[in-house]
Amino acid sequence: MPSIPRRNFVQTALIGGAALLARRGEALVAPSVGRSGRALLADSHIEVLLDEPIGTIAPELYGHFTEHLGGVIYDGVWVGEGSRVPNIGGIRKALVDAMHAIKPSVVRWPGGCFADSYDWRDGVGPRAQRPVRTNFWAGDDGLKSVVGGPAKYDPNEFGTTEFLRFCRLIGAQPYLAANVRTLPAAAFNQWLEYCNSPAGTTSWSNVRAAAGDREPYQVRYWGVGNEAWGCGGNFTPEEYAEEYRRFVTWSVPQFDVDLAFIASGPNGGDVEWTRRLLTALAARGSLDRMWGLSMHHYCSAPDAGADAVAFDERGWYDLLTSADRMEAIVGSIWEVVRQADRQRRIKLVVDEWGAWHKNAPIVDPSHLFESQSTIRDALVTGLTLDIFHRHADKIAMANVAQLINCIHSLFFSHEDKFVVTPAYHVFAMYAAHQGAQSVRTVVSAPRVSWAAADGKPRDFWGLNGSCSRRGREVTLTVTNPSFSEPRETEVVIRGGAIGTARVTTLAAGNVHDVNSFERPNTVQPSTVEISARDVRGVFRFPPASVTKLAITLAG
Ligand code: AHR
């Protein structure tokens, strides 16, 4: 399929008397004004309603997920203390450095499906004495060509203490997923002891202290199983409710931590499963022991669109449409929660989301479910985070799957090589939303359309986004899903006026471009400052782009 030269659009980014010049790779979004100072050609409109708050954007919406799966932990996060790869106590230094820019709030570990076959006791104590165990994913077809190694046989070098140190290094909170399928509740209690009991109080606290960590980890977030309807035990909702009750009732040691239990929720938007689960939990008096209900949604495109890089226009829109289903899923699951939870305590935890393409590993056969990341994945990232902001009153945490070398990767690494993906750049651009007040934003734009596989026309919104406010600082993020059309857009702030704007745009020279170890900066954002003198309130969003407007209100 033909590639789309983005430069064509850049050249026409300015109209009339605007002061900025558009050079290649710069000024992708710029004020479009006529000599009269009036907006020209705006076919789209964004209205930010500062006086209509939705809720605070929980920093935990910017969470991550690291599973013992393929190249995520070994070759991704963990390189080992003796490695020639620069590391901090065995943890890849380049990863730690890159994480700081995106302000990671929370990291989920050790799975995923892996969690429900993991015995945390294998991963503590002196490293040299830890057992090697068969990884949950060892039998996956994708690892057929792999003979040995940590993706199949976990050496347990990376365990609870190593994970907690990783969290500490990047400034994130830990979110641990307990094994409900193959371990009893007693083992869960002991894991709590290992993490949270003060040194000298329990035997497990002494094992932790002997590893060098006298201070308790104070882990707050605990997942009770994972995908209970599938790899987490193939439970019916009622069976899982019974297990959940066993794990969280009464005797769970608290150690002065406000424990937040997260129940395994439905597969995608399975409303019936959710209803049955919440009914069964209510009958067992366990609803008030739930902080969050987990849900997962992976997007994908069928046929030719399934390839991570060589997709066509249909694959482009199919994937975005699939990602956009998140909004309907959140809405329908929330409705069930709302009906069951009269006290309005329980929130949604989207602890796995991202684009899952059908692809072979990029750099090493052990990197199961690894696939490339293009500007299409960046749009999935932007539109999904915008959905979370628009539902900041319902969602308490979200974890993109997964951090490195797997599915919706923010990074790729192999041995001493390391690169950030377009999806990573969106996390960096959007970080300013964390902790700010989400405000209602009304977007109107011509819908985009394409022909589906059956030849029938399909369409999709033409522009969407979200906005948050922190004092005089307003962050407006916008995705333009059009494969080929820019959007001239009038941006109006009700309850304030734009003083200055710093506009950061992520677009690609070609929608198939990727960042590789050899060419790490092929897809990266560019920023322009718009001074008070130049602000006219009309912005151009290039095709296939994600944009952040960091606005300082006038006055
Ligand atoms: O993220 C990969 C896998 O997808 C997880 O282990 C599982 O929870 C989900 O099905």
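Mentor: What follows is a chat about the sheets, the ligand and a few details of the loops.

Trainee: What should I know before we start?
Mentor: This is a predicted model, where local features need pLDDT of at least 70, side-chain atom pairs count only at pLDDT 80 or more, and totals for chains, interfaces and linings use all residues. Residues are numbered from 1 along each chain as its sequence is written, and side-chain values use heavy atoms, with hydrogens and water left out.

Trainee: Okay, which strands make up the closed barrel?
Mentor: The barrel has eight strands, in the order β2-β5-β8-β9-β10-β11-β12-β13, and their pairing is parallel. Strands here are DSSP runs of E with at least two residues, helices are runs of H or I with at least four, and both are numbered from the N terminus. Two strands pair if DSSP finds at least two bridges between them.

Trainee: What about the open sheet, how many strands form it?
Mentor: Nine strands form it, in the order β23-β22-β25-β20-β19-β16-β1-β21-β24, with mixed pairing. At the edges are β23 (526–530) and β24 (538–541); each has a single partner strand, so one side of each is left without a neighbour in the sheet.

Trainee: How do β1 and β21 pair?
Mentor: β1 (residues 44–56) and β21 (residues 487–494) pair in the parallel sense, over six bridges. Glu47 is opposite Val492 in β21.

Trainee: Switching topic: which residues come nearest to the ligand?
Mentor: There are 13 residues around the ligand, and those that come nearest are Glu67, Cys113, Glu227, Tyr298 and Glu352. Near means that a heavy atom of the residue lies within 4 Å.

Trainee: How far is the ligand's oxygen from the side chain of Glu67?
Mentor: An N or O atom in the Glu67 side chain is 2.7 Å from an oxygen atom of the ligand. Tyr298 has a polar side-chain atom 2.7 Å from a ligand oxygen, and for Glu352 the distance is 2.7 Å too. A polar contact is a pair of N or O atoms within 3.5 Å; within protein, one must be able to donate a hydrogen and the other to accept it, and residues adjacent in sequence count only if both atoms are side-chain atoms.

Trainee: How much of the ligand does the protein cover?
Mentor: The protein covers 93% of the 290 Å² of accessible area that the ligand has on its own. Those areas come from the Shrake-Rupley method with a 1.4 Å probe; for residues, only the protein chains shown count as cover.

Trainee: How many aromatic pairs are there?
Mentor: A search of the whole structure finds 33. One of them is Phe188 with Trp222, edge-to-face, at 5.6 Å centre to centre and 75° between the planes. Phe188 sits in helix α4 (residues 185–196) and Trp222 in strand β9 (residues 221–224), so this pair ties together parts 34 residues apart in sequence. Rings of Phe, Tyr and Trp (its six-membered ring) pair if their centres lie within 6.5 Å; planes under 30 degrees apart are stacked, over 60 edge-to-face, and the rest tilted.

Trainee: Where are the cis peptide bonds you'd point out?
Mentor: One joins Trp109 and Pro110, with omega about 5°, and another joins Gly111 and Gly112, with omega about 15°. Pro110 lies in the loop between β5 (106–109) and β6 (133–134), and Gly112 is in the loop between β5 and β6 as well. Most peptide bonds are trans.

Trainee: Last one: what is the phi of Glu415 in the turn?
Mentor: Glu415 has a positive phi of about 50°, in a hairpin of β14 and β15 with two residues between them.
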